[in-house]
Amino acid sequence: VDAITVRADLARVFALAADVERWPTFLPHYRWVRVLEQDGTAPTGTACTVEMAAWRPFGPLRYPTWWVSEMRVEAPRAVRYRHVRGITSGMNVEWRLVPEEGGVRVTIVHEWAGPRWPVIGAAAARWVIGPLFVRGFAAPTRAGVKARAEAVSGPW
């Protein structure tokens with residue numbers, strides 16, 4: 001669980017969190033985001049399948065990563081993902097947006113039992129993949145959305 005308060009209105013923060021195709025324009029660690037399938041008929045919001053690729057820094061080196069997620073946008077308070085391809089397949093991620101005095105509390109929750117590797121899968125998730133990879137993306141993504149939301153005036 002990672003959380004931050006963004007000093008902007010809910011509509012702006014939600015627009016930035018939900019418009020993942022634009023993330024690479026202001027989040028330099030994202031290489032690309034592509035919508036692979038779109039389903040605007042989902043009962044609680046827009047559903048789609050997205051392919052995401054990013055750089056994970058390791059000291060002076062950058063490691064390329066990639067995953068595919070089923071994404072559900074539930075305006076104006078949540079964006080949910082289920083990773084369906086890549087090393088984090090099976091991971092659930094939820095961006096929760098809650099208005100509070102002076103801004104929006106953005107909480108990002110990652111739930112995952114780890115890769116389906118015999119014996120070491122859960123340990124690899126807990127000790128390596130979670131803290132080094134997942135947190136390595138969540139922190140700059142959260143900070144970048146915050147900076148963009150607080151810097152941009154008018155509609156996103």
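Tutor: Hi! Two strands pair if DSSP finds at least two bridges between them, and helices (H or I, at least four residues) and strands (E, at least two) are DSSP runs, numbered from the N terminus. This is a predicted model, where local features need pLDDT of at least 70, side-chain atom pairs count only at pLDDT 80 or more, and totals for chains, interfaces and linings use all residues. Residues are numbered from 1 along each chain as its sequence is written, and side-chain values use heavy atoms, leaving out hydrogens and water.

Student: Okay! What stands opposite Tyr30?

Tutor: That's Ala54, which belongs to strand 3. Strand 3 covers residues 46-58 and pairs with strand 2 over eight bridges, in the antiparallel sense.

Student: And what order do the strands of the sheet have?

Tutor: The order is 1-7-6-5-4-3-2: seven strands in an open sheet, with antiparallel pairing.

Student: Which are the edge strands, then?

Tutor: Strand 1 (2-6) and strand 2 (30-39), each pairing on one side only.

Student: Switching to helix 1: why is it largely enclosed by the rest of the structure?

Tutor: Because seven of its nine residues, in the stretch 10-18, are buried. Buried means under 20% relative accessible area, exposed over 50%, and partly exposed in between (1.4 Å probe, protein chains only).

Student: Which residues of helix 1 are buried?

Tutor: Leu10, Arg12, Val13, Phe14, Leu16, Ala17 and Ala18.

Student: Now Tyr63. Where is it found?

Tutor: Tyr63 sits in strand 4, which spans residues 61-74.

Student: How much relative accessible area does Tyr63 have?

Tutor: Tyr63 has 45%, so it counts as partly exposed.
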